[in-house]
Amino acid sequence: MSNRRILVVEDIHSIREAVKDILVRDYEVFDAENYDEAVKILSNEHVDLVITDIRMPGKSGLDLIKTIQKEYPSVQYSLMTAYNINDYINFAYQHDIWNIIPKYSFLDINLITVMVKKLLYKDIFGVEKYFGPDFKILEGDGEEVFLVPPENGIVFRKISSDKDRNYICNRVGKFLIEKGAPNAVHQILEELTSNAMIRAPRDSKGNSKYQYELPSRDLLVPLEHIQLAETDYFEIGYGIAENSYIVVVRDHFGSLNKKEILKRLDRHITVDSPSGLPAGLADSHGRGLYICREISDQLIFNIEKDTRTEIIALLDKQTNKGYKSLSIYEV
């Protein structure tokens, strides 16, 4: 058993036991059914990670997070809820919360186990973490831009120009749609590859290399006919495994900031009271990440600051699950 210790806070006994049962195989697990019990355990035991429900009788999981941040700053935390996670994005942005897991009619145990490992051990990269041991990854090379992915796996292709990007997005979109993915997968491909090609690359002074920035107007204008420098190439991965259509985009800059992600999501979700509309409608960027998250069943951000970014979009083959997780990891 690992010496890492986890506290599960959940007022519904069956859910609390289900989470405990899966985690106790690898960790020492404490449990509490409300805020008061949780604080008592935190005051008496060393805990590495707290996973707490949001809505509970008495003080909420949000209150618990505030207490942890103030009194136990070394303790990591994550939220889970049966309600719409979008309702808590503004709180997450204000209080530095990066992971919220939805509870459907059944609990997504696999998502919890992956999240716990990533938070505790900082080994955050790799789409294979979300699938079983038979998952295959093919790192494609050679002249051909598009390759058919392996069964139950994905293939990665390196992208060096806007021409390659447009071609691969069209081919991958067509391939996935023919296999049953929604037409909206085109938008995920366009937005994530655009982010990796145009927004991620920065020079030594932190300036964008392939777009003009007009900060006063919150405006980004990409260059035309982009040919990336070899150090700016990025990879796109695509395929199908188990019950998911998969798109992965990896760049080598790590310029995406987790606070900025939440800010942009918040601006497209939170309604500005005078107008009755989200403030983000006027933004020139940020809309793409919001749309990708709405289309995907899971949109996962893995960031090594100033080094690399990996964004994973998973679309469920069976049904769109509705409520979206918040999954942002940074090392």
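User: I'd like to start with two helices: which residues of α8 meet which residues of α9?

Analyst: Contact here means heavy atoms within 4.5 Å. Helices (H or I, at least four residues) and strands (E, at least two) are DSSP runs, numbered from the N terminus. In this predicted model, Ile-261, Leu-265, His-268 and Ile-269 of α8 meet Arg-287, Leu-289, Tyr-290 and Arg-293 of α9. By class, that contact has five nonpolar, one polar and two charged residues. For the classes, Ala, Val, Leu, Ile, Met, Phe, Trp, Tyr, Cys and Pro count as nonpolar, Asp, Glu, Lys and Arg as charged, and the others, Gly among them, as polar.

User: What should I know about the numbering and the model?

Analyst: Residues are numbered from 1 along each chain as its sequence is written. The model is predicted, so local features need pLDDT of at least 70 and side-chain atom pairs count only at pLDDT 80 or more, while totals for chains, interfaces and linings use all residues, and side-chain values use heavy atoms, with hydrogens and water left out.

User: At what angle do the axes of α8 and α9 cross?

Analyst: Axes are lines fitted to C-alpha atoms, for helices over the stretch in contact, and angles run from 0 to 180 degrees between N-to-C directions. Angles under 35 degrees count as roughly parallel, over 145 as roughly antiparallel, 65 to 115 as roughly perpendicular and the rest as oblique. The axes of α8 (residues 258-269) and α9 (residues 287-295) cross at roughly 75 degrees and come within 9 Å, so the two helices are roughly perpendicular to each other.

User: How many aromatic pairs does the structure hold?

Analyst: Rings of Phe, Tyr and Trp (its six-membered ring) pair if their centres lie within 6.5 Å; planes under 30 degrees apart count as stacked, over 60 as edge-to-face and the rest as tilted. The structure holds three such pairs. Phe-146 and Tyr-238 are stacked, because their ring centres are 5.5 Å apart and their planes are at 10 degrees. Phe-146 sits in the loop between β6 and β7 and Tyr-238 in strand β10, 92 residues apart. Together with Phe-175, they form one aromatic cluster.

User: Are Phe-146 and Tyr-238 buried or exposed?

Analyst: Buried means under 20% relative accessible area, exposed over 50%, partly exposed in between (1.4 Å probe, protein chains only). Both Phe-146 and Tyr-238 are buried. By contrast, Asp-306 is exposed at 60%, and Glu-242 counts as partly exposed at 47%.
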